[in-house]
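Colleague: I would like to learn how to read a structure, feature by feature. Please take me through one.

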Amino acid sequence: MATLPALALPGQLLGPSSTYNPGPGTHLHASNIYASLSGHPTTTSLPPQAPTNSSKQPQSKPTVSIARLPSTSATADLGPVSERISNTNALPRVGDVVLGRVTRCMTRQVNVAISIVMNGRNGDHGEKRGMVCANEIQGVVRREDVRATEKEKVVVGEGFRVGDLVRAVVISLGDQSNYYLTTAKNELGVIMAKSEYGNVMYPISWKEFKDPVTGGTESRKVAKPF
């Protein structure tokens, strides 16, 4: 059976549907189960069924689910993961991967409140270290930094919505109030989004999310899952 991570981030692969059933905080896409929330993945097994005279029943699979982290202080009890994730006011540097929430969409830019900084230069063995910011840091994704090609055709409102969770890279220290970010790589962009009806969606292509309840789709600049 596949080993679950100690801490999962939205969009992270948890395992195949042949091994697990999707539970709360997860979603199913292309026969794989992905995290919809940041938190601790857990599994629950159904009690064994009583034997019957019918044909042999298939063995039940455990259900994987994720409970939402109550606050950033929850990183204090992550076991071995706490060595790589810590609460800090350390500022991002150019080249750092950051996670943040879209707070405002305008014609030429998107405002992002950065809450986690992933830094690959501090680890003893080159591993990424996650730093949960005690206070949100402000960043901006400008229109020309949304994607790498056809920049003049980018419509910011079609790539992001307020409330989306975004993975981006710091490309400049920017001005006195905002860091400049980019999502111009396949693995960068929106990693978690809710539909206009408030349902957590899952990605179906590089530019669309789907609402599992209504079946409707919405456009986004989708980050490729790890």
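Colleague: How many bridges join β11 to strand β12, and which way do the two run?

Modeller: First, the ground rules. This is a predicted model, where local features need pLDDT of at least 70, side-chain atom pairs count only at pLDDT 80 or more, and totals for chains, interfaces and linings use all residues. Residues are numbered from 1 along each chain as its sequence is written, and side-chain values use heavy atoms, with hydrogens and water left out. Next, the terms. Strands are DSSP runs of E, at least two residues long, and helices are runs of H or I, at least four long, numbered from the N terminus. Two strands pair if DSSP finds at least two bridges between them. Here, 3 bridges join β11 to β12 (residues 179–182), and the strands run antiparallel. Val 169 has Thr 182 in β12 as its bridge partner.

Colleague: How many residues lie between the strands in the hairpin of β11 and β12?

Modeller: There are 6, and in this hairpin Gly 174 takes a positive phi near 65°.

Colleague: What is the order of the strands in the open sheet that holds β15?

Modeller: The order is β14-β15-β16, and the pairing is antiparallel. β14 and β16 (217–219) stand at the edges with a single partner strand each, so one side of each has no neighbour in the sheet. From one strand to the next, the twist averages 40°. That angle is taken between N-to-C directions, on a scale from 0 to 180 degrees, with axes fitted to C-alpha atoms.

Colleague: How many bridges join β15 to β16?

Modeller: There are 3, joining β15 (residues 208–210) to its antiparallel partner β16. Phe 209 stands opposite Glu 218 in β16. As a general idea, side chains in a regular strand alternate between the two faces of the sheet.

Colleague: Is Thr 217 buried, partly exposed or exposed?

Modeller: Buried means under 20% relative accessible area, exposed means over 50%, and partly exposed is in between, with a 1.4 Å probe and protein chains only. Thr 217, found in strand β16, counts as partly exposed because its relative accessibility is 41%. Thr 217 and Ser 195 are 22 residues apart in sequence and 8.2 Å apart in space, C-alpha to C-alpha.

Colleague: And Asp 164: buried or exposed?

Modeller: Asp 164 counts as buried, because its relative accessibility is 2%. Asp 164 lies in the loop between α1 and β11 (165–172).

Colleague: Which side chain does the side chain of Asp 164 contact?

Modeller: A polar contact is a pair of N or O atoms within 3.5 Å; within protein, one must be able to donate a hydrogen and the other to accept it, and residues adjacent in sequence count only if both atoms are side-chain atoms. The Asp 164 side chain makes such a contact with the side chain of Arg 220, at 2.7 Å.

Colleague: Which residues lie nearest the centre of the second largest pocket?

Modeller: Arg 220 returns here, with Trp 206, Lys 207, Lys 221 and Val 222, in a lining of 27 residues. On a 1 Å grid over the protein atoms alone, a pocket is an open set of points with protein on both sides within 12 Å along at least five of seven lines, and lining residues have an atom within 4 Å of a point. β14 gives the largest share of this lining, 3 residues.

Definitions and conventions. 1 Å grid on protein atoms, 1.4 Å probe; cavity = no way out; pocket = protein on both sides within 12 Å on 5 of 7 lines; lining within 4 Å.
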